[in-house]
Amino acid sequence: MKYKRILLKLSGESLMGDQSYGIDINRVSQYANDIKEIHDQGLEIAIVIGGGNIYRGLSAEKSGMDRVQADYMGMLATVINSMALQDALEKVGKKTRLLTAIKMEQICEPFIRRRAVRHLEKGRIVIFGAGTGNPYFTTDTAASLRAIEINADAVLKGTRVDGIYTADPEKDPSATKFEEISFTEVYEKGLNVMDMTAFTLCQENKLPIIVFDMNKPGNLLKLANGEHVGTVVK
């Protein structure tokens, strides 16, 4: 395996599948099977999931809601998604732990860094919910922060496109893909990989980001085995 420990970042929208809202159980099951494949080979895995398929704080603010209140609602949406993935992983025989930045003792453990690392060392898949627990911070920032805290080797950002392009490939058919790109080049070209806070955290801590298509079964296994998939930012 190329990595010993990774942080997998999934968007909430990716859980929708072909739906326009909510959670597609078939998509979640596919993700669980892909994650199981790499975990079976000994990789330590932590996961952060967004909540945009259920609620997005920034969008709610534009509709007139208080931003702080809206962001907390978004954090709760990430916990719902985390519980769905936790259930799917346990159905394929994996031991998991859900740790959240907001205390919810009845359904999960509070985030404690040493506890999270110990779970990983014991072979459990760790899911981090509720973002950073603070408003104004995205789940991309939560993913970068948690990856640094647990000493992950890389952030694997699973999306619905197969890497980073010169423009949005869904809107511009002439867009070309980068196989590898530096943090500085991403800044200079104004490419949208993560929000600036999340991206800067990775750059300052020399934590590589791999952007890849999570919806294609087998991609995660190829990445874990060192094959080139998606775009590497380092």
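**Around Thr139**

Modeller: Thr139 has its place in helix 5, where helices (H or I, at least four residues) and strands (E, at least two) are DSSP runs numbered from the N terminus. This is a predicted model, in which local features need pLDDT of at least 70, side-chain atom pairs count only at pLDDT 80 or more, and totals for chains, interfaces and linings use all residues. Residues are numbered from 1 along each chain as its sequence is written, and side-chain values use heavy atoms, with hydrogens and water left out.

Colleague: Is Thr139 buried or exposed?

Modeller: Buried means under 20% relative accessible area, exposed means over 50%, and partly exposed is in between (1.4 Å probe, protein chains only). Thr139 has a relative accessibility of 19%, so the residue counts as buried.

Colleague: Which residues does Thr139 touch, not counting residues up to four places away in sequence?

Modeller: Contact here means heavy atoms within 4.5 Å. With residues up to four places away in sequence not counted, Thr139 touches Lys9, Val48, Ile49, Gly50 and Thr78.

Colleague: How do helix 5 and helix 7 lie, roughly parallel or oblique?

Modeller: Axes are lines fitted to C-alpha atoms, for helices over the stretch in contact, and angles run from 0 to 180 degrees between N-to-C directions. The axes of helix 5 (139-149) and helix 7 (196-204) come within 7 Å and cross at roughly 20 degrees. Angles under 35 degrees count as roughly parallel, over 145 as roughly antiparallel, 65 to 115 as roughly perpendicular and the rest as oblique. That makes the arrangement of helix 5 and helix 7 roughly parallel.

Colleague: Which residues make the contact between helix 5 and helix 7?

Modeller: On the helix 5 side, the contact is made by Asp140, Thr141, Ser144, Leu145 and Ile148. Helix 7 contributes Thr197, Ala198, Leu201 and Cys202.

Colleague: And helix 1 with helix 3: what is the angle between them?

Modeller: Two packed helices are described by the angle between their axes and the distance between the axes. Helix 1 (residues 25-39) and helix 3 (residues 67-91) have axes 9 Å apart. The pair is therefore oblique, and the packing angle is about 55 degrees.

Colleague: Which residues of helix 1 and helix 3 meet?

Modeller: From helix 1 come Val28, Tyr31, Ala32 and Ile35. In helix 3 they meet Ala84, Leu85, Ala88 and Leu89.

**Single residues**

Colleague: Which residues is Asn81 in contact with, leaving aside its neighbours within four places in sequence?

Modeller: Asn81 has its place in helix 3, and at 0% relative accessibility it counts as buried. Leaving aside neighbours within four places in sequence, its contacts are Gly12, Leu15, Ile23, Ile49, Gly50, Gly51, Asn53 and Ile54.

Colleague: What is the phi of Ala130?

Modeller: Most residues other than glycine have a negative phi, and most peptide bonds are trans. Ala130 is in the loop between strand 5 (125-129) and helix 5, and is buried with a relative accessible area of 0%. Although Ala130 is not a glycine, its phi is positive, about 65 degrees.

Colleague: Lastly, how far apart are the C-alpha centres of domain 1 and domain 2?

Modeller: The bounds come from an automatic or database domain assignment. They divide the chain into domain 1 (14-27 + 44-132) and domain 2 (152-233). The distance between their C-alpha centres is 21 Å.
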